[in-house]
Structure formats: C-alpha cells, structure tokens
Amino acid sequence: MPMEEQPHFRVPLSLLLFLSLFLLPTSFSSTHDLQILNAERRIDLTSHIIKVYLTLKVENLGTSPASEVHLAFSPAEAEHLAIVKAAATSGKRKKKTYIPLDVKSAELPDGPNGTKFFTVTLLTSLNKGETATLEVLYILTHSLEPFPVEITQSESQLVYFRDSAILLSPYHVKEQTTFIKTPSTRVESFTVVDPAKRAGTELKYGPYEDQPPYSYSPVLVHFENNNPFAVVEELEREIEISHWGNVQVTERYRLVHAGARHKGAFSRVEYQTRPDATGVSSFKHLLAKLPPKVHSVYYRDEIGNVSTSNLRTDYRKSELEFQPRYPLFGGWKSTFVIGYGLPLQDFLFESPDGRRYLNFTFGCPLTQTVVDKLILKVVLPEGSKDPTAVIPFQVDQHLEIKYSYLDVIGRTVVVLEKSNVVPEHNVPFQVYYTFNPIFMLAEPLMLSIAIFLFFVASVSYLHADLSIRK
Amino acid sequence: MAASDAPNGDVLIRNAFGSVLAFLILLLIGVLAFSIRLFSVIKYESVIHEFDPYFNYRVTQFLTKNGIYDFWNWFDDRTWYPLGRVIGGTVYPGLTLTAGTLYWFLHSLNIPLSVETVCVFTAPIFSAFASWATYLLTKEIKGVGAGLTAAALLAMVPSYISRSVAGSYDNEAVAIFALIFTFYLYIKTLNTGSLFYATLNSLSYFYMVCSWGGYTFIINLIPMHVLLCIVTGRYSSRLYIAYAPLVILGTLLAALVPVVGFNAVMTSEHFASFLVFIIIHVVALVYYIKGILSPKMFKVALALVVSIGLAVCCAMVAVIIALVASSPTKGWSGRSLSLLDPTYASKYIPIIASVSEHQPPTWPSYFMDINVLAFLIPAGIIACFSPLSDASLFAVLYIVLSVYFSGVMVRLMLVLAPAACILSGIALSQAFDVFTRSIKFQLPSLSDHSHIDARDASSENVVLDDTIKTDKNEDTPKERMTKRSKKKEKEPVEKPPTKFQIKKRLSVLPFEASIIAVILLVLLVAFYVVHCVWAAAEAYSAPSIVLTSHSNDGLHVFDDFREAYAWLSHNTDVDDKVASWWDYGYQTTAMANRTVIVDNNTWNNTHIATVGTAMSSPEKAAWEIFHSLDVKYVLVVFGGLVGYPSDDINKFLWMVRIGGGVFPHIKEPDYLRDGQYRIDSMATPTMLNCLMYKLSYYRFVETDGKAFDRVRRTEIGKKYFKLTHFEEVFTTHHWMVRIYKLKPPKNRIRGKNKKSKSKTSSTTTSKRKGTRRNPF
C-alpha cells in the first residue's frame, strides 16, 4: 500500500512527476540499517553537461556490518546518466584524500516506479554506529529542456531543469541541502519548496530534515543558459596502428546544436555587427584537445577542407581550435572529419608477456561536448592476433576486418561502442594483441616481387617471337 | 663505309643508349606533365574545381556506388525539377567510366582512395598519357627528336594545363589524350598499312566518342586529310586501310554510345566522313581497274564510268541536300553552327553566347595559352613541307583547321594546343638539328675523335659532310631495322615512300651564327618553360570554389560557396528545391545534394528562361513563379561586399535576355538606362524592383552605412527596402552567397489586407528609415 506523506511545506500543484513515497516492509534489511546523516548536493547547470556533486555522510544503524551503499535515480535521470563516480574521503580539509570506489549498476526489488540503483562498494564495511563520507559525482546529459522550444536570432536561450528538492534515496536522510548553480543570474522561475532561496547564480533548497526513504519533491527551474549545446550525434574514431612508426587517427563527427531550435531568419548583418546581442546561444568555435607531438593535422568535410582552424602545440598537449563552416544555431547540424598522426612510440608499448598494447584515450577530444554514440575502432596491423581491450567501464565490443593498402588477409579491427559519452570518459584504455614483426615486410616484399615479375615478363616478351609469320 | 664493322657495334650501343635515354626522357616528361598540374593541390587543396567537374564527380560517385547498369539507367530527379534528366543517356560516359575503372582497380588492390581523390588526379594522369601520345604521333611524323620535343612542349602547354590541373575533372582531361592517340593510330596505320592498328584506331576513336563531343573534330579532320591525299595523288592502299575501317567500325561503335546513338549517321557533322568514304572507294576501284586493264581499255572504261557516275552522284547529292534541308537546323546543332558562323550563337542562342568560353578568343589569350609556340608554328609548317609525307600533310591540315576553330571559340584553343606543340616540336627539333650539326662539323676537336678517324684529316667541310651524311643514312635504316626486328616484323615491308629516303640538302651554317641561334632557341624555350610554370601556378590553379586574396595582413580565404552548400545540405529538408541561376546548379546538386531547377547542362531553354524571368520580375511575380515550381529556397551570389566580380548582378542581363527570349514581357531596355546597365540611383525602377536586385542588396546598407558596391564601384540605388515574400535564412561570412526562403502563402483575405498595408508602409518606411535609423 502506498502511503502518501504530505510534506509540511508548500508544493505547487502543477508537479509533473510526483512519485508516491513508500514505506517499505522490512524484507530487505540492509537498506534500512543505513541512514544518511547529512547529504549535500551541488548541481552545476552552467553548461549543458550537468554535473552533480553529492556528499553523503552515511551511518550504519543496523547490527550487521554494511559494505554497500545504494544510490537511487529516477527513471528520467537514469536514462540520461552518463557516468557515476564515487570516492571515499578521509582526512580533514586540506589533507583530504580521495580513494575511488567501485560503482555498479544494481537491481533492488523494492525500488518504486522504476527507480534505478547504483551500488557503491565501500573499502571497509561499516560496523554498527560507524560513519563514512562518500563523494559522488554523476553527470547528466540532455536534461535541460529548452523552453521556448524555438527562439529567434535575437533571443537568448531559456531552459527547464527538473529535479527533486529532496534527494531520492533508499535511506532515511536526516539532513540535506541542495545547491543549484545557474550560469547567469537570469532565472525566470523556480519551484519554491520551503526553505528555498536564491542568491546570485545560486539556488539553495533546504536544509530539509528527516526525510523518509524515497521522498521526492519535484522542482522546476527555468533559467537562461547560453552555453553552446554542442552534441556530437555520432563520432567515429578510427585509430590505425602502423608499426612503421605512426598512429593515424581519423575522427568523423556529426555535430548538432541541441539547444532551442532557431526560428525564422538568420541575418548575417546582425550577427556580424552586434555579436553580443544576437545569436548568443549559437557557437562557432570548437576546441579539440589532442595528444602532444601531433602531426599532419587536417580538418575537412565531405566537400573539402575547412579553412578555419588553428593548431597550438606544446610538449604537454596540442590544442586544435577550429570553426565549423557556419555558426551553429539551435538545431543546425554540421559534419566534419579531423585527422592527425601521432608518433608510435608514445602510444604503443610492449607488455612483460611479450604482447604489444596500445594505450590511448577513450572519449571525444572536443571539450564540453556530449557524444550520443561513440564508435571507436582500433585498426591493428595486418597479421595481429588475439586482440583484447581493457577499458574501465562497460562498452560494447566486437571485431571487424578492414582491408587497406595492399592487404591480403585484412586487418583486425577492435570496435568499441558506447553511448552517452562525456568528457569524464576521456580515460586511457588498452588494446593488447600479439604481432610478429615479419608481417611488416609483407607488403614491401609483395611490391618488389610484383615489379620483379613485371620486368621478367617484359624481358621474356622482348625475347620471345610471337609472330605467326616466319 | 670503310670500317663498317667497328661503327656497327658503336651504332648498336648508341642506339641502345639512345632508346634508353628516350625512354627516360619520356618518363620524366610524364612526371613533369603530372607534377606541373599539382600546383592546385599544393596551393589550394585536393578538391574538385569549378562547375562541370562537380557534375562529373557526382556521376562518378553514383557509378562507383551503384554499378554500371544502374548508371546507364540513371534518371536524376535532383535536377531540372520537375522534369528531371536521364543522365545515362545524355552524358558522355568516357571520363566517368575511366575514373570508375581506376577506382575499381585501386580498390581491387585494397588501396582505399576515395572517389574524390581518384577524380582529382585523373586529369594529371591523362596529361602524362597525352604527352606520351604526342611523342608517338610526332615520332610517326618526324622522328624521335621531334617527338620528344613535342611531348615536352605538350606536357606544359598552358592551354592544356588550364583544362587539366588536378581537380579539373572534365571531359577534356581524357579527351585530349584520346584525340592525340586516335591521330597517332591513324598516322601509324597510314605509315604501316597494318589492319591491326586500324582496328586499334577505331577503338581509340570509340573512346574519344565516349569522352567528348569534340570527337566530331576527328571525324571531320581525318576525311579531309584523306580527301587531300587523294587530290594530291597520294592515294595508296595504306590510306584505304587507315580510313575505311575507321568509318565503318568507328561509326558502329560510336552509335553504341547512348548520347550519340543514331546521331552518328543522322547529323551533318558526320556526313563528310561518309562522302569521303564513297570517294575513296571510287578511287580504289579506279586504281584497281587501272591495274587490270590496258591503258586503252582503261580510257574507254573511264569515260563510261564517269558519265554514269556523274548521274548517280547528282542524284545522291540531291537526295542528301533534300534530307538536310528538311531538318529545321539543317542538320547542324547550335554549337556546331556557331563554329562555322562565329556570329551565329550571339545572334540566335543567348544561352550559348552567355558562356564565356564560347566567345571568340582575344589575341592576348593566344599568347597566354600557347605562348612562343605561336611563333614556332610557321616554322613547323615549313619543316613539314620538306619533305612532305602523308603524315606531315596531316600535321599541316590539323594545325590549319584547329587555328580556325580556336578563332571561333576560346574552348577550342584546347584542340589547337596539341597541334601547336607537334609543329613547334618539329620546328625546334629541326632547328636544333641543323644548328648542332653545323657546330659539330666545324668543331675540329670533335670531328677528330668521332667516327671518321680512319679518314685523313683533311677536314674539308664538304667531304666531312658527305661522310657524316652517309653515316647518317646508314644509321637510319639500321635504326629502323632494329626497331622493326623488335616489333617482330609485324609491319609490312611497304614503307612511306618519302619518309627517310630523300637526302637532306647540305645545310651548314656559320659556326658563330649557329652558336648564337642555339643560345637564342634555348632562351626561347626557357622563356616558354617559365611562362608555363607561371601559368600553371598562378593563372590556372584556382579551384574557383574557394577564393584567396593576399593583403598586408596575410592570406584571406573566401570559402563562402562551400559554406552555403554545406549549410544547405545539413540544415534544409532533403527534398527541398533550390532555385538559382544555372551556373550553380551542378555545384548545388553535388555539394548540397538538393534538387535544383536548372543546371549547367542547359538543355531546356524554356526552363532556364523561367528562372531568368523570376529573377527579373518584381518580388510578388517572382514568388508566384517560384512557388509554382515548388521552390523553397532561392540562392543568389553576391560579390558587392568583397568585390567578387562574377556574381549574379553582373550576369543579370543574361537572365533578362534569356528570360525575355521566351517571355516577351521581360524587356531588356527596361533594365537599362540609356543603354547602360547600372544599379546606382540612376537605375531604372524595373531594375531596382526586380528580385535579383532585392535579394542581392537586402540589408546591404547596414554593413557600411553607404551601401557601396565594390564590384560596380558605386553606391546602390535603392538602399532601404523590405522583403515581403522572401525571408533571409542564410548569408555566408563574406556575403558571397545569400539564401532566401519563400514565405509560405498567406491566408487570402488577410494577405490582401496586409499587402495593401505593407505597400503603403514600405513606401513610407523607406523614407523614414533613411532619416531615422542609420546604425552608423
């Protein structure tokens, strides 16, 4: 039986998502043995990638030691959740150290209305009465809904953000506060859930005390966000290893401005003469962070070079600043290809067991972009065997064969696919494979034999008499 | 002669070295031809150029994606909306098939070059082939030296470079090779009388027919040469073998090409070949009969045949004339007619006249395009006459005809270029031959060491000359022998009678004069090389879709066309129709992948006139025309902001003319003030209210406050106006391309109210605005 518990503060009637709150039977005890003493949430809405920093102070009330803490997400959040990271903190203030914790998606039977769970495994289990502090970072994408849906060139972009004032949690929360940081001071409206107040670019919800598990109080924040909503609908990165000393990377982007759609005319004269007042939500610059020692960089699309790019290199990193062919307004799309070469010795290593491995960065080199679908292809040299990919998170993997310059048996391609990729996914991954260097000589040998045969054929043709008449 | 053994070995080695050297030189010429055309890639980028190449590129993409059978049946609904175009049946497929074959070949070797790369480099590759073909052709005419010189000249002749730089993916790129190679095979057949070469010749002709409409040049030039040979008493069985199979096989093969089809036997351009075909048979018959009859009998037969033959001929001529006269254009297509009568096109067909490359060339363009070759050609012609052979007669005829044609149309300068190179090659090689020989005979040190050591060193010029002469004459047949033995004596024994037999006259010039002449010639050639490299690098490499300009603060790139096309391709619906002047049709379909109303194919004059009329009509009428054509976007090219001269305002009078040619309510004088085309305050109201003016200059005044047009170098006439039926949806960074969207039709009653209101308001606002709102 669902039991509605009316909060003692004001809640607008127009709530879209009003979850019933459950008081659950005691079948699954471990969730209830824990309680959250203090929860602090900081939601960063300054870009279209929403970062939520959650600090939880957990106490074990039960008798048995608890080693797992569950995090709950509403279905809408879970759908747009790009990454969840957790860390245990120890020490105070300046000597604070973070130890990353293992986070796994989990199924709990008692979640109401399709609530999704993640389980954080603690380093040491909590005994009765002990407390632990967890830092959780999770990132949401596509969670800002433009409203109005279509804007003209001179308007700025307003978006809705929906969340709950109260932390959705399977545990009893004693005290909690939520801070929402907006990009500018312009906030059209926000749901007031007392005590809630706004100061500058910050909205503060709370502190709320003694919330039972699965409390939910939807809030809607309507605010201005003119940050570029750069979304790569599909990114295909092809990393081709040549044992002759080069790693060639080709990245095919399909970029879209996912903010409020552009409506009506686009006037170049306004865009050029009053850059501050028109097209504020549009963007024309993109920045790609590439590895150092990058060479032969190109930037083009299907109809040729795009002549607006700038490469800065130093010994630590390379930055490619470039512009799409035209400024991107809401709903406008663009496709392009970036390619570059890298020195092999920086990325290819030999493991102790004699296998080789490529150590490369996953994710998208563009800053501040969401990738809806990332396809990463590692093209191993012809003749490589037993490829395995080692990657710190869940991705779809399969193998393909690719034929390139003068290949006979084809090159093995390790394909890694992941959806909803954010800059936090830019972590190294490895692809291990075995390779016999003799294969490097296959193609030069083939060529020399072909040329040799050609000469032999020519010589024999010149010396043979093929005429019928003698 | 005395020491025939020792020189024999010497000669062999020298020949071997000579052929290896010739081979190496040819290889280098090929490399030169290829690499001189890469300036466009190095200075700009590897991209398809200009207008027509984009169409060819798109067709090639289709071919590589869908295969040959779909290609033949391809109905393109992206162009000439709502008519469409049957591409497979209306395109010369040679270029596309060549690049497609190249692409398939590379991919069968797993070399993953893109279609674009293959297309970009097709032209330079075929330029190398063309220079080798020139070598072969000139060698047949005047020997190896002339061949090599001609090949080197052709490898870098600016006229040909202009059509075959990397990225210039047009029919001419492969057609010039096919043209020269067909001529080579014809001359080869003529020199050898081999049916093998005759067959190859037909195949090569077939390739030419596939590649370019200019094949009619071949099928008229060769009959003319045959006729000339017959008239000058040079008929031989070799001539028959060279010609008869070409007409029969060539015509059959040509008819296989869908775009030619029955035209190969039905249009007047081909009639000359059939006529000569009949004549050569009559002549062959006469020669045959002459051979078997006694002279007396022959005279009787001749009288008989001539009287009957005249009657038959008269009848046939009458029939042919009747046939030709019954067709409306007298069996000649417009382009061919404008060849014969240079004023034809500008008089009757504005759409042909409006293309700049169909205009007659100016004198500077000759200097630009063939440079010093223009002065060497006469010398080459003279060289061809001493001695005159069938082959050199052909060269003379070729140059004469191509000079005439190039005078009619700039485009045909391209046909002139190989002829000019061949004749200049001959001239240069002969001149060098004479001068170096003169120097050689007069250098005592050289002559001492050379092959006449057995002789007493009396060093009398005449004697020396004689020995060398005999030596040389010994050489030549030997050379021919070795070559023939290489070819396994496939060639019949019959040789061109005049080729190497006639002894050259003794021609020794004074030593100093020779030296100076050689130096001058080298300087001349050096000047040619410098000019060619300059032309290749500076004049002919710009891809025209991306423009650059140098100024104090560095290089400026104007990439507006692609910006607009990319915008169209990504941000409009895939089935939207885009209207623009026909120049941009091919590019829009290829780069933006949107349906266009008219394109560079210009096969339907009425359709183009409709677009021209819309552009020259006032806004409302234009909207109605475009709306009836289902157009969603209108694209105009405007150069007024950055000073890009070939924009739509400058082409506008052609739109008026072509539009007015079909729709008489568009009258050219309405757009001209006292016969002058102007857009400033003196312009006519019709001009200032037409759609093209409005779309080009919409809100232009807000850029600098004065609306100064940098192309026309004047302030525009009407600065403040509003658009009621169109809406600006995109303008590129430098304003070079502006795209407007047709506003949706309004509710009728409201529309009426609005219209009357907007009419009054627009007249008042234009005044008010002028005083009130000046942003600067």
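**View 1. The end of helix 30 of chain B and the residue B:Asp630 that follows this helix in the predicted model.** Helix 30 of chain B is followed by B:Asp630, whose phi is positive, near 70°; helices are DSSP runs of H or I of at least four residues, strands are runs of E of at least two, and both are numbered from the N terminus. Within this helix, which spans residues 619-628, the buried residues are B:Glu619, B:Ala622, B:Trp623, B:Ile625 and B:Phe626, where buried means under 20% relative accessible area, exposed over 50% and partly exposed in between, with a 1.4 Å probe and protein chains only. Seen down the axis of helix 30 of chain B, these buried residues fall within an arc of 165°, so they line one face of the helix; the arc is taken from the directions from the helix axis to the C-beta atoms. An α-helix has 3.6 residues a turn, so residues three or four places apart point the same way.

**View 2. The contact between chain B and chain A.** Chain B contributes 35 residues and chain A 34 residues to this contact, which is defined by heavy atoms within 4.5 Å. The area buried between the two chains is about 2900 Å², with carbon and sulfur atoms giving 51% of it; buried area is the accessible area (1.4 Å probe) that two parts lose on being put together, summed over both.

**View 3. A salt bridge between B:Asp559 and A:Arg325.** The side chains of these two residues meet at 3.1 Å, N to O, and the count between chain B and chain A is four salt bridges, each a side-chain nitrogen of Lys or Arg within 4 Å of a carboxyl oxygen of Asp or Glu. On the side of chain B that touches chain A, helix 27 (560-571), helix 34 (701-704) and strand 10 (726-731) each supply at least two residues, and helix 27 of chain B gives the most, with seven residues.

View 4. The end C-alpha atoms of the span lie 28 Å apart, and the span is 95% helix and 0% strand.

**Notes.** Residues are numbered from 1 along each chain as its sequence is written, and chains are lettered from A and ligands numbered from 1 in the order in which they are written. In this predicted model local features need pLDDT of at least 70, side-chain atom pairs count only at pLDDT 80 or more, and totals for chains, interfaces and linings use all residues, while side-chain values use heavy atoms, with hydrogens and water left out.
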